[in-house]
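Visitor: I have a protein on my screen and would like to learn how to read it. Can you take me through it step by step?

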Amino acid sequence: MDFSNLEPVQMYCPNCGNKITGYKSEDGALRIMCDRCKVVIFSKRKNVKEFNIRITNPYATTETY
């Protein structure tokens, strides 16, 4: 496995504001888990102007009031 082409990415967690660091994979996808609140962030560029960002909270409830 060749790790020489991985690019580090730093961002702030959109849930708690903690600064997190991750690496882009070979296909350009970014997968990061926040150490503080455990939110999982997935990001991938669709084209030059668009990004696909998915934020998943593992502790979220589905109850509605």
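Visitor: In which sense do strand 1 and strand 2 pair, and over how many bridges?

Guide: First, some ground rules. This is a predicted model, where local features need pLDDT of at least 70 and side-chain atom pairs count only at pLDDT 80 or more, while totals for chains, interfaces and linings use all residues. Residues are numbered from 1 along each chain as its sequence is written, and side-chain values use heavy atoms, leaving out hydrogens and water. Now the terms. Strands (E, at least two residues) and helices (H or I, at least four) are DSSP runs, numbered from the N terminus. Two strands pair if DSSP finds at least two bridges between them. Here, strand 1 (residues 7–12) and strand 2 (residues 19–24) are antiparallel, with 6 bridges. Take one example: Gln10 has Thr21 in strand 2 as its bridge partner.

Visitor: How many residues lie between the strands of that hairpin, and which one takes a positive phi?

Guide: There are 6 residues between strand 1 and strand 2. Gly17 is the one with a positive phi, near 85 degrees.

Visitor: What is the overall pattern along the sequence?

Guide: It reads β-β-β-β-β. The protein has 5 strands and 0 helices.

Visitor: How much of the protein counts as buried?

Guide: Start with the scale. Buried means under 20% relative accessible area, exposed means over 50%, and partly exposed is in between (1.4 Å probe, protein chains only). Of the 65 residues, 22% are buried. Accessible areas come from the Shrake-Rupley method with a 1.4 Å probe; for residues, only the protein chains shown count as cover. The protein exposes about 5500 Å², and carbon and sulfur atoms supply 51% of that.

Visitor: Where is Asn18, and is this residue buried or exposed?

Guide: Asn18 sits in the loop between strand 1 and strand 2. Its relative accessible area is 18%, so Asn18 is buried. Now look at contacts, meaning heavy atoms within 4.5 Å. Leaving aside residues up to four places away in sequence, Asn18 touches Met11, Tyr12, Cys13, Cys34, Asp35 and Arg36.

Visitor: What about Lys19?

Guide: Lys19 is in strand 2. Lys19 is partly exposed, at 48% relative accessible area. With residues up to four places away left out, Lys19 touches Gln10, Met11 and Tyr12.

Visitor: How many disulfides are there?

Guide: A disulfide is a pair of cysteine sulfur atoms within 2.5 Å. The whole structure has 0 of them.

Visitor: Which side chains meet in a salt bridge?

Guide: The general idea comes first. Side chains of opposite charge can pair when their charged atoms come close. The cut-off is a side-chain nitrogen of Lys or Arg within 4 Å of a carboxyl oxygen of Asp or Glu. A search of the whole structure finds 1 salt bridge. Lys44 and Asp27 form it, at 3.8 Å from N to O. The pair links distant parts of the chain, 17 residues apart: Lys44 is in strand 4, and Asp27 is in the loop between strand 2 and strand 3 (30–33). Lys44 is partly exposed at 31%, and Asp27 is partly exposed at 47%.

Visitor: Which residues form a nonpolar patch on the surface?

Guide: Patches are made of residues with over 30% relative accessible area and no salt bridge; like charges are joined within 9 Å, nonpolar side chains (Val, Leu, Ile, Met, Phe, Trp, Tyr) within 5 Å. Here Phe51, Ile53 and Ile55 form one, with about 310 Å² of accessible area together. Ile53 belongs to strand 5 (residues 51–56) and is exposed, at 55%.

Visitor: What does Ser43 touch?

Guide: Ser43 is in strand 4 (residues 40–45) and is buried, at 11%. Its contacts, without residues up to four places away in sequence, are Gly28, Ala29, Leu30, Phe51, Asn52 and Ile53.
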